[in-house]
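Trainee: I am new to this structure. Could you please take me through it?
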Amino acid sequence: MRIDELEEELTNQRQSKTGWMKSDPKINKLKSMQSQILHNVELVQDRTARIMQEQERDLLRAFRARLFDVQTELEKEKSKKDDGAIAWIERSR
């Protein structure tokens with residue numbers, strides 16, 4: 001029972017301290033501006049995430065292309081080495 005009374009008193013105190021904010025046009029304007037700001041922040045975060053995903057895909061694509069080039073070059077070097085070894089074996093016979 002005492003808890004209910006204290007909760008009611010707390011609600012009344014809170015209402016008496018902040019009740020004026022409900023009718024104040026400045027507070028309403030601030031709340032409106034805050035919601036606009038939060039909306040714009042959300043838009044910027046979405047755009048940033050999309051841009052970062054595009055950049056990540058581009059980097060991955062460039063990495064794979066470079067990896068393919070290096071693998072191709074490695075295969076060429078291996079075949080040159082094998083050709084030299086085969087030629088040496090043939091000369092040794």
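Mentor: Let us begin with a term: helices are DSSP runs of H or I with at least four residues, numbered from the N terminus. This is a predicted model, where local features need pLDDT of at least 70, side-chain atom pairs count only at pLDDT 80 or more, and totals for chains, interfaces and linings use all residues. Residues are numbered from 1 along each chain as its sequence is written, and side-chain values use heavy atoms, leaving out hydrogens and water.

Trainee: How many salt bridges does the structure hold?

Mentor: There are 2 salt bridges, each defined as a side-chain nitrogen of Lys or Arg within 4 Å of a carboxyl oxygen of Asp or Glu.

Trainee: Which residue forms a salt bridge with Arg2?

Mentor: Glu5 does, and the closest N and O atoms are 3.6 Å apart. Both residues belong to helix α1 (residues 2-18), where a spacing of 3 residues puts about one helical turn between them.

Trainee: Is Arg2 buried or exposed?

Mentor: Arg2 is exposed, at 55% relative accessibility, while Glu5 is partly exposed at 43%. Buried means under 20% relative accessible area, exposed over 50% and partly exposed in between, with a 1.4 Å probe and protein chains only.

Trainee: What about Asp58 and Arg61?

Mentor: Their side chains meet in a salt bridge of 2.9 Å, N to O. Asp58 and Arg61 are 3 residues apart in helix α3, about one turn of the helix. Asp58 is partly exposed at 44% relative accessibility, and Arg61 is exposed at 54%.

Trainee: Where does Leu30 lie?

Mentor: Leu30 lies in helix α3, which covers residues 25-92. Its relative accessible area is 52%, so Leu30 counts as exposed.

Technical notes:
Helix = DSSP H or I, 4+ residues; strand = E, 2+ residues; numbered from the N terminus.
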